[in-house]
Structures are given as C-alpha cells and as structure tokens.
Amino acid sequence: MFTKPANYSRFRAAQPSVSRRGFLIGALAAGGGLAVGFHLLPASEAQASTSADGTASQFTPYVMIDPSGKVTVLSSQFEMGQGSYNGIATLVVEELDADWSTIEVIGAAGDVKSLGNLAFGGALQATGGSTSMFTSWERYRQAGAATRAMLVSAAAEQWDVPASEIKVENGVLSHASGKQGGFGEFAATAAKMPVPANVTLKTPTDWKLIGKEDLKRFDSARKTNGTESYTLDVKLPGMLTAVMIHPPLFGAKVKSFDAKAAREVAGVVDVLETPRGVAVVAEHMWAAMKGRDAVTVEWDDSTAEKRGTAELSTLYNDLASKPAPAFARKDGDVDASIKTAAKVVEATLEFPYLSHAPMEPLNAVARRNEDGTVEIWGGHQFPDVYQGLAAQIAEVTPDKVKLHVMKTGGSFGRRAVFDGDVVVEAVYVAKAIGYRAPVKVQWTREDDMRAGRYRPMYVHKLKAALDADGKPIAFEDHVVGQSIMAKTMFEGMVKDGVDPTSVEGISNIPYSIPNQKIGLTTVDVGVPVLWWRSVGHTHTAFAAETMMDELAEAAGQDPVEFRLSLLEPGSRHAAVLKLAAEKADWGKPSAEGIFRGVAVAESFGTVVAEIADVSLKPDGGFKVERVVAAVDCGLAINPDQVRAQIEGGIGFGLGAISAEKITLTNGEVDQGNYDTYTPLRIDAMPKVEVHIVPSANPPSGIGEPGVPPIGPAVANALYKARGQRIRTLPFQV
Amino acid sequence: MSGAFRWALLQLETWDITMVTLTINGTAHEVDAEPDMPLLWAIRDLVGLTGTKFGCGMAQCGACTVHLDGSPVRSCQTFVGDVGEAKITTIEGLTGKVAETVKAVWTDLDVPQCGYCQSGQIMSATDLLTNNPKPTDEDIDGAMAGNLCRCATYHRIRAGIHEAAKRLEA
C-alpha cells in the first residue's frame, strides 16, 4: 500500500477533461515589480483579471520583472537536463521581446491552479511523459504577450503616445520620438494596468527565437563553470547531513539496531530510526558515511520479497505461455487467421529491471522554521505529491510546506515517485531530530541503485503470421510484468486489468494488420517499479519493431519497404521512415563490415525513425558506428535541443540494451555501483545525425521519444551481422 | 599508496584530529579532516567549493575529477592524507588557454544537458588537450571513457574536444 498524500483527492480527480482555458492574471510584485501569470479554470469562469490591491503572493506568476528590469520566468516544469526551462523561457521571451542573454528561470511549485500540467487535466503539477512543451506552449506565450502589452500600456501612458507606436526589442521599449527605456522603468506602472483578456500571439513569420537553430541554452555557461546549483550543493546554516540504511530486502523493516560504535565516530550527531530505515546524522557527508559503516541493523524480513531474477524469469515465462487474463486489444480473430497463415513467426523476449541511475544520487534538504512552516529543497518532479506527503509527516497543512525546486543531475523518471522517497526521508529525519537543524539526506550511489524503483522486468510472447502473398494477417503479444500504476495514486488509470504503461506501443502499432490480440498478465512482485525514460516503449518498441523485421524477412521484403506498405501513405510514421532512409542512404549497399537495422516508434506524440550502422568486434561484441534519426515532434521550439534530446536518448537507450540490468538473488539487488551496472560510456557512443521533419503542429514530446527505436534498430542490424535473433536483453553481458 | 596508508591508520588506536592544509586553486585552506577523508568531501563540505560533484564514490564515474599538480585524479578515491603539498585545482579554479577554450566551446555547442558531470568532463578534456593538442576520436574515447554522462552528451563532448583543438591550433 502507499501513503496517501493529504491532498490526494485532487489527484484522483485528475482527468484530461478539464478545460485548457484559463485567464491571465497580473499584479504588483513585492519590491515594485510586475508579475503576470495564468490561472486554469473552467471556461465559464475564465476572464481577464487584475488583482487590484493584490501582490504576487496571491498567485504564482509565470513572469516577473523587477524594478531593475530583470526578467524571471517561473517554470511549472522541472529541469533535469532535458531543457524544459530553456524551452519555456523561449516561449516567454519570444512574446515578451525580452533580452535572452539576461533571462533567469526558476522552478515554481505549490500552486496547482497556475502550474497544473494540462496533460494531466491541469489537476497535478508534474513533469513527465515528455509533456513540458505541450502544456506550456499556449499559456507561457500568452503570459509573455500579456506582460509585453502591459509594459507597452505603461510606456504609452508615461510618454503620452499611442501604444501602437511603441516598439519592443531585446528588453527595450522605444518610440520614434527618441524616447526609450528598459522594462524595469515601467514594471511598477505596468502592474496597475489592466491585464489583457485576449492577447494576439506572434505569427510564425515574426518569431525570432522559436524554431531558430542558433539560439543557445541560457544555462550552458553555469553548467560549464561549476556554478549551477543542485540539491547536492544546498548548504543552510547549521545544516546536518544524513545517510540512510535501507532494508536489504524490499519490504523488510527495522527490528533493532546497534549504533553504539557509530556514535563514537567523529562528526556523527545522532543515529535514528525512521519508517524508511535507520538514519545516521552527522556534521558532514563523510562522517555520516563512516558512522553508517559502524551501525549494525537487524531486519524483520518476514514480509519481504525474497525471490530472485531466476525465479521471476521462470514465473514470467510460465505465465506468458498461459492464456492472458486481460486484453489491451482484440481485433478480428487472431487464432483463426493463424490457422490459415502461410508463415508464422514466434518470439519470446525477456527484459530486465533497469535502474535510472541519474548522475546525482537522490537527495533532499528539509528545514522547519520557527513559524512552523517547512521548506524542502529537492528534485521535485511531483511537487504537489511531495507537498502533501511532507505536510502529513510534519503535521501541518500542505500550504505550510514550501518546496524549492532544484535543478537535478538527471532523473529519467526517477524523481517522479508516488511515495516521496528521499523527500519524505528528509522530513522524517528532520522531525526525528526535533527539527533542531536543517537536514540533507544524501543517498550514495549504492543507496540509489538498491532502493528500488526500476523499469519493471517483462516477458513478451509474440506471434505473427503472413498470408501467401507475404502480407501480415495476425499479430499477437502476451506481456507479463509488474504494473507501474496499480496501488498508486494513479491506480484509476488501470482499466479492466490493463495498466496502459505495460502495453503502450504494442497495443497501438501503426501497421495495418487485420487481426491483433494484445494480452497482459500483471504480476504482483515486491520490487518497487517506476517509469523509466520512455516507460512502456522501452520494451514494447523492441517487441514490435524486431517482430516487424522478422516479418519482413519472412515475407522476403526490404524492412523499410515492408513497413511502408503497411503504413498509411502520408502518415507521420511513413514520413520519418522515408526521411531516415533517404539520409542514411538505405537501399545502397553499406560499407564493408557495416550492418544496418531500422526501427520506427511513436511515443508521447512524437514519431522517431532510427537507422543504426553496426560493426562486429573481433571479440564477438559490437559497435554502433552511426545512427541516423528522423523525428516529427510537431513544431521544434528549440531545434538544437530537439537534436540534443535525440542524441542523448540514443545514448541512454543504447546503454540499456547493450549492458544495463538489475538482477536479484534471493531478493537482494546484485548491483550497487557503475562497476556492475554499466551505462554507456563515450567509447560506445555512435555518431548521431538528427533530421527534424518541418511541422506546424503544436509541439509534442522530445525528452523520451529518442529512446525506443534504438534497441530494435541495433538488434535488427545485429541479426544481419550474426544471423541470430536477440531474445534476451541486454545483448552484451 | 592510499590502501596502505589507510591500513596504517587503522592500526592506530587513536589519533588527534589534525588540521591539514589543502592548497586549492592557489589558496591555502586549513581544514579539520582526518587523513582518510576523501578529498571530494573535504573540498565540498569543509572548504565549500561545490563545483566538484559526487557521483559514485569509487572512481567509476569521474564526476569528482580534480587536478592534482595539474593531473586529473578522482577526488572520491584520493584521500586528504595523500595530498601532501600537492596543488589542487577544481573547476572553479581551472584557468589557462586550454581550459578557457574548452569552456567556451562547451557553451557554444551547448554540450551540457543536466550538467552534473560536466565539471569532471571539462577537467578531463582540459588535461587531454594539454597533453595531446590534436586528439583523434580514439584518443578522446580513451581519455574520456572514465567520465560517465547519464544524459549521454558524448556526441557533443567529442565534437567539443575536436572544436577546441581546432581553435587552440589557430
């Protein structure tokens, strides 16, 4: 079971039916600046509004301009490297005509009316599912445009000229008469101007930043000279550092512990039990780590998960051979059509648990202030959830919990958790020491790797059939694995026994095949699981696209031509496939020793095709030399960042399918650090070319969609090289 | 060296907390650190320079890379007692033509994504270019393979090092 946050009912209500409309709101910010934001409300209540005597504290603005003219964008979307801050700043600065070189972006939290993610019905502030640009596209541009209009109104009044004659460029307002001034000069006056009910957004031909190749990330310099600040770097006066001792088995509890020796360690302040394990609190990290080594804990593992990977593998394979209890798709009659088939292709695939293993191990800092408010610094990917959970532990109302949204050293889904993980640990530890000092809980790499929350292990049992003309007539899969959303606050998303994250990508393949049956067996295993960059697509794209390759071969057709024959002409899938094929010179013979594979997958509204050039190494291993990718992600707000996400997604996915796996022996995780869990290193990184399909459609996802096609593209290339299909991941162990 | 050193320390029943002088980025810092404390934590928690990151604690990821007398070391596996008189350079104090060029290229090419590993990447890349002004892809892969980047910015790291080499040659 999971602990329900105090504000749980709101999440249960999260349905993507709430109107996306809202209203712009503006106010005088503290210190005499301008603050403009956007409230989500049902359409009937939507209207322009100025909070006459209001201050910015009544709502969370999207844009603030202080009297010095400094523009700060407050992002509803959390930054883990994927460039969401940069994308959102682009939207605001485009419409505001501010100076890009001086822009600042900070994370905002704790005001769902302003910050709720539209992809989740606006009812939950969350970063996930590659939705940051989707949810920000309209409203952040509107906020930028409204802010600009208010500044122009203020200048028009002050200069006594028509607003229509005022130009705004690079953070400067000017008039033909020679009058000019920066944003700061007009911020306070602008705050008293009515907020426009409707703003006219720029047309694409007027864009100076959106879609431009040469726009550089605003945060690259600070991420290059060591000044970017992460939770690891938070230091508060008097702050203590704690490390946790988690149970070695999932589901085990502390029976007793002996901290006598630990308390003798110089710098150790206290050793305490919390509901999540034993905490060693010290003056600094090294003392905490040394202290931890001196603690002995006895665990009650009577209800713990004790099965290992071998047992689970046997169980999953056995279940996959039995009839599925639930179905995500049933079209036509698969069984009957297979009886008439000319050829049948079958495959059973096994996927391991995967760790997110972000470079910054999980951490959070908690402090209770004298007024009873609680502050938490961390990678708040699900801020509303953490606020609610922290409030319960600290015994305050959620509004008394202030979250500081830190930039994080990666996440890949890891910081979007139902139970708060390290965030609640920080509050537990702060509470356990009587809130006498701020506390940072810092996990080590081993803690991070062994504390669970993995991409689930899965088995896919696939079968597909061709008729005598080589046309596919049947496609069947039986997926076996744990549900990510069951028994969480998202359990409402599980319908008729089907967790959509278990089957997304396989229950909706884009190919025209008349008979399809996608079954699902959800198993109950005590290993905590979670979304991992591209979620279900991490395994379903592999299953679908290696199967398509096998079918193409069985049909005696070229893999690209075969796919195109089953895709709607003019579809986005067909377009990216053709573009990748053209750019990779598919169809021409590849160089000596180079073997090619292709895959195409849609995830999070974006379609990506990847063609991998693979060579074999003398030791039997392989090297991916080059990947050509074509992507349709709707309008590319920051084309170079779209490329960066595809490049990184390919590296991330390639690392996983090559060599990453979490295994368990008698319930204990075998891996602990990067020596045994081995993400991709530079020497295995291919050259990557990314081609973006020009599009005027609203932006769709980009953080995740680069990941799914790389596995099957490489597997299909390796089949050409070796003549053997890959059935068990990772390939190279 | 460090293993033997730590072993020797363990043989002592007690030792007095000693003030150690660490010369970091040209400044001497007196810190109250036991000799077996990893330099990483002394730099971060005692001196307060936070550009050097903690990633693995066992010299597997390179996020904690600093220069010791100009050569890169993993500060999580370098101990305060081993440093002696050696001069420590962290990302905050990394200067010179090569380093400045690397940093300029890193921003021009928008190499970082989350940025967490990039201090270490830049410490290693600067060392590579200092010793090998025109590295091949293989040289780069060899010199940089100890620096993990979970965002997999490797494609741009490689391009960045080539670009820096070109600019330094000009």
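Student: How many of the five residues of strand 5 (residues 71-75) of chain A are buried?

Tutor: First, some conventions. This is a predicted model, in which local features need pLDDT of at least 70 and side-chain atom pairs count only at pLDDT 80 or more, while totals for chains, interfaces and linings use all residues. Residues are numbered from 1 along each chain as its sequence is written, chains are lettered from A and ligands numbered from 1 in the order in which they are written, and side-chain values use heavy atoms, leaving out hydrogens and water.

Tutor: Helices (H or I, at least four residues) and strands (E, at least two) are DSSP runs, numbered from the N terminus. Buried means under 20% relative accessible area, exposed over 50%, and partly exposed in between (1.4 Å probe, protein chains only). Five of the five residues of strand 5 of chain A are buried, so this strand is largely enclosed by the rest of the structure. Val71(A), Val73(A) and Ser75(A) point one way, and Thr72(A) and Leu74(A) the other.

Student: Which strands pair with strand 5 of chain A?

Tutor: Two strands pair if DSSP finds at least two bridges between them. Strand 4 (residues 63-65) of chain A runs antiparallel to strand 5 of chain A, joined by three bridges. These two strands form a hairpin with five residues between them, and Gly69(A) in the turn has a positive phi of about 95°. Strand 6 (residues 104-107) of chain A pairs with strand 5 of chain A in the parallel sense, over four bridges. Val73(A) is the bridge partner of Val63(A), and Val105(A) in strand 6 of chain A is a bridge partner of Val73(A).

Student: What area do chain A and chain B bury between them?

Tutor: The size of an interface is often given as the accessible area lost when the parts come together. Buried area here is the accessible area (1.4 Å probe) that two parts lose on being put together, summed over both. Chain A and chain B bury about 4,700 Å² between them, with 56% of it on carbon and sulfur atoms. Trp286(A), Met359(A) and Ile682(A) supply 18% of the area that chain A buries against chain B, more than any other three residues.

Student: How many salt bridges are there between chain A and chain B?

Tutor: A salt bridge is a side-chain nitrogen of Lys or Arg within 4 Å of a carboxyl oxygen of Asp or Glu. The count between chain A and chain B is eight. One of the salt bridges joins Arg156(B) to Glu647(A), with the closest N and O atoms 2.8 Å apart.
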